[in-house]
Amino acid sequence: MNVGLLGAGHIAHALAEGWSRPGVPGAPSLSFFDIDAAKARELAAACGGAAAVTAAALVSAADLVIVAVRPQQVEDVLKSVRAAVGERAVVSVAAGVTLARLQAALPTGARVARVMPNVAAALGQGLFMLVPGTLGEGVAQVEDLFALAGDVVEVEEALFDAATAVAGCMPGIIAHLVAAFAAAGVAHGLAEDVAVQLAISGVYGAAAIIAHEGDPATVLAAAATPGGMTAAAVDVLEERGLALTVDHAVAAAVARAKELA
Ligand SMILES: NC(=O)c1ccc[n+]([C@@H]2O[C@H](COP(=O)([O-])OP(=O)(O)OC[C@H]3O[C@@H](n4cnc5c(N)ncnc54)[C@H](OP(=O)(O)O)[C@@H]3O)[C@@H](O)[C@H]2O)c1
């Protein structure tokens, strides 16, 4: 299968890296188009694949098209390929751009879907929220493609922004937390590189054990011995309103998606 990516920025890079990892069975062939031709060429050189000269040329050669430009750019790019799309599935990864808007920019009956990826796709550990839209039976092809780089979860469009705020934004949010924990470690005497490495390892191990147990409450109960260090830290997080702060953060992300819509 030839997958054509419109836009060769951060998320296109993560997807292409994920699909082009050595040993991925049934990996797609990739082609790229970006308004900045050098970006498409660089991505093609880095991940294997071809750089197309125009967006329409990319679409004509593709079996499936992924729209990976910023939300404000989606309609322009779709209008530029309108005549070339035909029966091909068009999958948008843009935050906030609804199925209705995608369809309005394409010919009547176009096959469109939304997927919200995250950058962990680059390591084959992505999480992809999928709104199947008008793909019909073609949804299997899209599920299989994204499953090569992580887990695929189907969601209804009404819940897409909330699911994105919880999962799609998670790598960036956790990176922010890792930086905060590392800074706290430095403030308490650790060397910066050691503090960063310890925080990263801590997150890795925490994610693995929580996934293994399948329930954060079980891990919290096991890790936060009453009167112990973890309990002291968790008490402060709760006193300072961690749950409320996280709720506000998710609400802000959802509100931003609505602004982009
Ligand atoms: N980054 C993430 O972690 C992430 C996660 C999930 C979803 N997304 C979604 O993915 C989309 C892209 O995000 P990103 O972070 O990858 O953005 P990005 O790094 O800015 O990449 C977008 C690329 O598309 C190019 N472009 C603009 N107009 C174009 C056109 N008409 N034809 C072809 N290329 C065009 C941009 O060029 P210029 O810079 O010159 O405009 C830029 O190189 C967004 O809609 C976002 O909501 C991103």
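1. How many residues surround the ligand, and which are the closest? The shell holds 20 residues, and Ile-11, Asp-34, Lys-39, Val-69 and Arg-70 are the closest (a residue counts if one of its heavy atoms lies within 4 Å of the ligand).

2. A word on the basis: this is a predicted model, where local features need pLDDT of at least 70 and side-chain atom pairs pLDDT 80 or more, while totals for chains, interfaces and linings use all residues. Residues are numbered from 1 along each chain as its sequence is written, and side-chain values use heavy atoms, without hydrogens and water.

3. By class, the shell has 13 nonpolar, four polar and three charged residues (Asp, Glu, Lys and Arg count as charged; Gly is among the polar ones).

4. Now the polar contacts (pairs of N or O atoms within 3.5 Å). A ligand oxygen lies 2.6 Å from a side-chain N or O atom of Lys-39. For polar backbone atoms, the distance from a ligand oxygen is 2.9 Å at Ala-95 and 3.4 Å at Pro-71. The protein buries 78% of the 880 Å² that the ligand exposes when taken alone (Shrake-Rupley, 1.4 Å probe).

5. On to the domains, whose bounds come from an automatic or database assignment: domain 1 spans 2-156 and domain 2 spans 170-260. Their C-alpha centres are 32 Å apart. Seven residues of domain 1 contact four of domain 2 (heavy atoms within 4.5 Å).

Methods:
Polar contact = N/O pair within 3.5 Å; in protein donor to acceptor, adjacent residues only side chain to side chain.
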